[in-house]
2 protein chains.
Amino acid sequence: MSERRGLLFVYTGDGKGKTTAALGLVLRALGRGLRPRVFQFIKHERAAFGEHRALERLGVPIEGLGDGFSWRSRDLEKSAELARTGWQRAAEAIASGDWDLVVLDEVTYPLNFGWLDLDEVLEVLRTRPRNVHVVLTGRDAPAELVELADTVTEMRKVKHAYDAGVPAQKGIEH
Amino acid sequence: MSERRGLLFVYTGDGKGKTTAALGLVLRALGRGLRPRVFQFIKHERAAFGEHRALERLGVPIEGLGDGFSWRSRDLEKSAELARTGWQRAAEAIASGDWDLVVLDEVTYPLNFGWLDLDEVLEVLRTRPRNVHVVLTGRDAPAELVELADTVTEMRKVKHAYDAGVPAQKGIEH
């Protein structure tokens with residue numbers, strides 16, 4: 001008996017690999033003819049990191065919903081508003097059933113800042129169409145989200161090149 | 001001062017996301033015009049999982065070097081031989097400098113089974129051309145490998161859908 005159902009993934013923790021693991025799932029889904037779509041809650045709407053260029057080439061919609069580094073913003077109300085507007089778009093994409101895999105990258109930050117309502121996010125996830133996989137990434141995933149999820153991995157930092165003074169490498173880390 | 005150098009990544013631990021994080025790095029590298037190449041030490045040479053189909057479409061070489069589930073094989077000597085032959089190919093690819101990013105997926109298994117010589121693998125990594133990024137994945141990464149690496153993440157399983165009786169979902173988990 002092979003049950004076909006959308007799974008809820010959470011990649012959390014302080015280690016590298018959360019966003020890239022979500023991108024890997026996108027790649028895998030694409031190879032199976034599924035339709036993935038990516039929302040990034042912190043990256044700027046005009047971001048053009050490696051993943052944007054590659055996904056665009058593959059025809060996967062990827063949208064930056066933030067203003068870069070929101071938590072350093074001087075206008076927090078504007079950042080919060082961007083997050084809420086972005087969440088509405090993501091929520092509609094999830095509820096539509098038009099996408100087999102929806103990535104909510106770095107969504108834990110606006111959740112933990114209180115910019116998004118956790119209960120509302122949980123409700124959209126809980127009531128989503130049965131076929132829809134959703135992946136949420138970011139540090140400090142709220143306990144209720146972990147509870148609701150099917151598969152949760154904590155990416156734990158063992159060591160990081162940056163701590164040894166090596167700057168971020170283009171094409172690899174952004 | 002922006003130092004440009006190849007990094008050594010290790011994704012280890014018992015959680016989901018090790019292979020997919022490596023695939024995400026491939027996607028990101030590709031978007032920046034780098035040349036990635038993937039070796040999978042357990043997957044069969046004729047494997048056609050989601051990632052194979054997607055990477056082939058992107059022109060990224062991906063090779064299965066194993067015979068499926070090597071550790072269940074009845075012919076362990078053959079599995080060991082496959083791993084050693086595969087490693088030679090991977091070592092040449094790393095040493096050639098022709099590839100900016102080389103993924104050694106699930107390489108910790110043949111290492112821990114004693115099929116590959118750890119010192120030899122460490123030597124190839126240590127003496128690789130300066131521009132080459134390498135990503136190694138698999139559970140129980142040897143301590144010497146963690147020591148040599150620049151960035152190490154332990155993917156820790158918090159929960160997994162499979163434990164709740166949900167079978168693996170095509171396009172997402174394989």
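Q: What makes two residues count as being in contact here?
A: Two residues are in contact if their C-beta atoms, placed from the backbone, lie within 7 Å. By that rule, 49 residues of chain B are in contact with 49 residues of chain A. This is a predicted model, in which local features need pLDDT of at least 70 and side-chain atom pairs count only at pLDDT 80 or more, while totals for chains, interfaces and linings use all residues. Residues are numbered from 1 along each chain as its sequence is written, and chains are lettered from A and ligands numbered from 1 in the order in which they are written.

Q: Which element gives the largest share of the side of chain B that touches chain A?
A: That is α1(B), with twelve residues. Helices (H or I, at least four residues) and strands (E, at least two) are DSSP runs, numbered from the N terminus.

Q: Why are α1(A) and α2(B) called roughly perpendicular?
A: Helix α1 (residues 18-31) of chain A and helix α2 (residues 50-57) of chain B have axes that come within 6 Å and cross at roughly 90°. Axes are lines fitted to C-alpha atoms, for helices over the stretch in contact, and angles run from 0 to 180 degrees between N-to-C directions. Angles of 65 to 115 degrees count as roughly perpendicular, under 35 as roughly parallel, over 145 as roughly antiparallel and the rest as oblique. The two helices are therefore roughly perpendicular to each other.

Q: Which residues of α1(A) meet α2(B)?
A: In α1(A), they are A:L27, A:R28, A:A29, A:L30 and A:G31, which meet B:G50, B:E51, B:H52, B:R53 and B:A54 in α2(B).

Q: How do you know that β6(A) and β6(B) pair?
A: Two strands pair if DSSP finds at least two bridges between them. Seven bridges join strand β6 (residues 151-159) of chain A to β6(B), and the strands run antiparallel. One such bridge links A:R156 with B:E154.

Q: What makes β4(A) largely enclosed by the rest of the structure?
A: A residue is buried if 20 or more other C-beta atoms lie within 10 Å of its own (exposed if 12 or fewer, partly exposed in between), with C-beta atoms placed from the backbone. Five of the five residues of strand β4 (residues 101-105) of chain A are buried, so the strand is largely enclosed. A:L101, A:V103 and A:D105 are buried on one side, A:V102 and A:L104 on the other.
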